[in-house]
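Subject: Structure for your review

Dear colleague,

Please find below the structure I am handing over to you. My findings follow it, arranged by region.

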Amino acid sequence: MAGGADEPVERLIALMARLPGLGPRSARRAALQMIRRRAVLLDPLVAALSEVAATVRECERCGNIATGSLCAICADPRRATGEICVVETVADLWAMERGGAFRGAYHVLGGVLSALDGVGPEALRIPDLIARARADGAREVILALNATVDGQTTAHYIADQLAPLGITVSTLAKGVPVGGELDYLDDGTIGAALSARRAI
């Protein structure tokens with residue numbers, strides 16, 4: 001007990017420290033706060049974690065997080081617009097939903113192709129995407145992948161796989177963000193913005 005706390009508390013702190021954005025100090029402060037405010041924080045958290053562990057799974061169609069076989073987006077008939085937005089992770093799907101601009105369906109790949117890491121198409125949900133686009137009669141597949149080398153490689157691979165189906169394949173525009181100042185942008189972003197320029 002090098003930290004001065006009993007073993008169960010130390011175990012809680014160690015587990016919390018594994019979470020993204022929480023180091024040992026932050027985990028210790030959070031654990032102490034939960035213990036001090038047990039009725040308001042700790043007990044509801046334990047109940048929520050237990051419920052999530054028992055009910056949450058992967059959506060069979062898109063790969064989002066769901067409490068049934070389909071997530072709320074896939075179960076909503078109004079989202080069947082013929083458009084499928086392809087994202088790398090569930091976090092990316094949630095970011096797209098926060099914007100509220102897209103009202104179609106999603107497909108979570110679960111990562112991107114990476115020769116260095118040995119991640120090929122079969123390790124991702126790319127075959128599922130191709131089969132789904134064919135079966136659903138998709139009109140457009142929007143590739144909302146990160147602007148990294150692996151993300152762009154994955155986008156080109158998917159576009160090649162979809163080409164025989166005659167489906168429109170598009171990608172998100174890249175460039176200067178709203179409120180962005182040129183002086184703070186990297187060269188790649190400025191180049192992409194210049195290439196994707198349009199008339200006013």
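Which residues does R61 touch, not counting residues up to four places away in sequence? In this predicted model, the contacts of R61 are L70, C74, H107, R125 and R132. R61 itself sits in the loop that links β1 (57–58) to β2 (65–66). Its relative accessibility is 37%, so R61 counts as partly exposed. S26 lies 35 residues from R61 along the chain, and the C-alpha atoms of the two are separated by 37 Å.

One of the contacts of R61, R125, also takes part in a salt bridge with D128, with the closest N and O atoms 3.8 Å apart. R125 is buried because its relative accessible area, 12%, is under 20%. D128, by contrast, is partly exposed, at 42%.

The side chains of D76 and R78 meet at 3.1 Å, N to O; D76 is buried, with a relative accessible area of 15%, whereas R78 is exposed at 67%. R11 and E7 are likewise joined by a salt bridge, at 3.5 Å, N to O. Both residues belong to helix α1 (residues 7–16) and are four residues apart, about one turn of the helix. An α-helix has 3.6 residues a turn, so residues three or four places apart point the same way. Of this pair, R11 is partly exposed at 46%, and E7 is exposed at 56%.

Helix α7 (residues 149–162) may also be of interest to you. The buried residues of α7 are G151, T154, A155, I158 and L162. Viewed down the helix axis, the buried residues of α7 fall within an arc of 100°, so they line one face of the helix. Their cover includes β3 (83–87), α6 (126–136), β5 (140–143) and β6 (168–171). V149, H156 and D160 are exposed on the other side of α7.

Finally, there is a nonpolar patch on the surface, formed by V52, V56, I65 and W94, with about 350 Å² of accessible area together. V56, one of its members, is found in the loop between α3 (38–55) and β1. With a relative accessibility of 33%, V56 counts as partly exposed.

Yours sincerely

Key
Residues are numbered from 1 along each chain as its sequence is written. This is a predicted model: local features need pLDDT of at least 70, side-chain atom pairs count only at pLDDT 80 or more; totals for chains, interfaces and linings use all residues. Side-chain values use heavy atoms; hydrogens and water are left out. Helices (H or I, at least four residues) and strands (E, at least two) are DSSP runs, numbered from the N terminus. Buried means under 20% relative accessible area, exposed over 50%, partly exposed in between (1.4 Å probe, protein chains only). Contact means heavy atoms within 4.5 Å. The arc is that of the directions from the helix axis to the C-beta atoms. Patches are made of residues with over 30% relative accessible area and no salt bridge: like charges are joined within 9 Å, nonpolar side chains (Val, Leu, Ile, Met, Phe, Trp, Tyr) within 5 Å. Accessible areas come from the Shrake-Rupley method with a 1.4 Å probe; for residues, only the protein chains shown count as cover. A salt bridge is a side-chain nitrogen of Lys or Arg within 4 Å of a carboxyl oxygen of Asp or Glu.
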